[in-house]
Amino acid sequence: MSAAAPSIADDLRRLATLGATPLGIDRRLFTPSDRAARAQFVAWARADGRRVTQDRAGNVFAQRAGRRAAAPILTGSHLDTVPTGGPYDGAYGAVAALWALRRLDQDAVDTEFPLEAVAWAGEEGSRFPLGCLGSSAFAGLNDLASLEALWDDDGVSFAAARDGVNGLLRGVALRDETRAPSAYVELHIEQGPVLENRGVRLGNVTAIAGQRRFEIEVTGESGHAGTVPMGLRHDALVAAAEIVVALEAEAAANDSVVVTVGRLVVEPNQTNVIPRRVTFRVDARSIDESVLTRIAADVVATAERIGARRGVHVAVASIERRAAVAMDARLRSALAEAFASLGEEALDLPSGAGHDAMCVAAIAPAAMIFVPSAGGRSHVGDEFTSPADLDLGVAALAQALVTIDRRMAKEG
Ligand SMILES: [Zn+2]
């Protein structure tokens with residue numbers, strides 16, 4: 001191979017210039033950088049001779065014909081980022097889908113089912129307050145009217161942004177019919193440290209974790225930091241701190257759940273005033289629904305017990321609930337066969353992060369492939385996956401598409 005051979009790492013470097021900031025990449029849905037990324041995806045797909053379409057949610061599709069006029073095997077990920085995102089989260093899976101299809105062209109591999117690459121719109125929920133926006137619309141989990149009624153922080157509606165200059169792409173045909181794919185495979189960076197720590201380069205995702213989020217409001221009594229004796233205080237922050245530490249201990253005693261408190265608001269938040277009220281959020285995740293149900297009960301019981309002992313009022317509200325989504329067993333078996341045919345060891349592992357695959361799984365068999373993330377870092381500018389691992393992921397995806405096609409064709 002010559003030194004000048006193009007690589008997917010080059011393409012991702014090029015995409016990373018779109019929305020680049022000192023802290024990372026800011027490519028929120030329907031901004032100039034997001035539009036440029038979708039336009040680049042279209043340009044690459046058309047250079048490969050693909051037929052490109054988009055839907056009214058902003059998703060972009062590039063199809064490679066199959067021998068049959070059947071629903072396609074779909075593969076891809078998202079091009080949008082969080083405000084301080086990295087070059088690989090999402091973009092890798094979308095661009096790799098194009099690379100996998102191109103590899104099959106080069107190897108003159110025909111498939112029975114059409115293959116389709118997709119760039120999902122707005123997975124991160126960073127502009128409009130809905131995660132997996134594009135894939136949830138595609139899967140019929142949210143209808144177009146409910147998307148169009150969303151507003152961003154600047155008071156711009158989804159409909160206005162989509163219909164503006166940075167919205168839908170000019171010259172790309174609209175598809176108004178949502179047709180469930182025959183299967184869906186998403187390639188993504190792990191965004192965690194497990195593959196790297198185990199020295200394995202491919203992950204076969206077992207399930208995407210379910211999630212429960214709570215907001216806990218602790219109300220005590222304010223007072224002068226110098227005059228109220230310790231024994232007479234009802235300090236809301238110390239009570240909140242005790243709850244946080246107790247939840248950590250409960251989670252640490254159970255391998256299959258992670259619990260995080262990442263947001264906490266202290267009032268009045270003054271050096272010389274005893275905190276009157278603390279509002280904080282708990283995020284609990286597990287691929288085991290029964291564990292989540294138990295943790296949810298524990299969160300309420302722990303907060304109330306500590307609140308009662310400290311003489312503060314505690315109110316727990318459930319603010320988000322998302323069920324765990326298992327990946328399709330037959331697709332996972334096809335991935336395992338594909339990885340083995342490449343001579344690659346793979347690890348079965350759950351995904352603690354949410355992905356478009358969990359939405360598409362509502363209408364089609366879905367599976368995910370992970371490649372390692374250096375240091376497990378993600379949603380930061382220095383997110384990194386080695387070029388060799390990026391290439392291996394493309395090879396694994398291409399092989400997986402062929403294996404899935406062959407198996408589904410045999411089933412009729
Ligand atoms: Zn992602």
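**Entry 1: the interface between the domains**

I looked up polar contacts across the interface of domain 1 and domain 2, and the rule finds 2 residue pairs, both at pLDDT 80 or more. A polar contact is a pair of N or O atoms within 3.5 Å; within protein, one must be able to donate a hydrogen and the other to accept it, and residues adjacent in sequence count only if both atoms are side-chain atoms. Strand β9 (residues 202–208) gives the most to the side of domain 1 that touches domain 2, with 3 residues. I note that strands (E, at least two residues) and helices (H or I, at least four) are DSSP runs, numbered from the N terminus. The residues on that side of domain 1 divide into 6 nonpolar, 3 polar and no charged. Here Ala, Val, Leu, Ile, Met, Phe, Trp, Tyr, Cys and Pro count as nonpolar, Asp, Glu, Lys and Arg as charged, and the others, Gly among them, as polar.

**Entry 2: what kind of model this is**

This is a predicted model, where local features need pLDDT of at least 70 and side-chain atom pairs count only at pLDDT 80 or more, while totals for chains, interfaces and linings use all residues. Residues are numbered from 1 along each chain as its sequence is written, and side-chain values use heavy atoms, with hydrogens and water left out.

**Entry 3: the two domains**

I took the bounds from the domain assignment, automatic or from a database: domain 1 is 8–208 + 324–410 and domain 2 is 214–322. Their C-alpha centres lie 37 Å apart. In contact (heavy atoms within 4.5 Å) are 9 residues of domain 1 and 5 residues of domain 2.

**Entry 4: T31**

I found T31 in the loop between β2 (24–25) and α2 (32–47). Is T31 buried or exposed? T31 counts as buried because its relative accessibility is 18%, and buried means under 20% relative accessible area, exposed over 50%, partly exposed in between (1.4 Å probe, protein chains only). A polar atom of the T31 side chain lies 2.6 Å from the backbone oxygen of R28. Leaving aside neighbours within four places in sequence, T31 is in contact with R127 and N166.

**Entry 5: V259**

I then turned to V259, which is found in strand β12 (residues 258–267). V259 counts as partly exposed because its relative accessibility is 22%. Leaving aside neighbours within four places in sequence, I list the contacts of V259 as L247, A251, V282, D283, A284 and I295. V259 and I295 are 36 residues apart in sequence and 9.0 Å apart in space, C-alpha to C-alpha.
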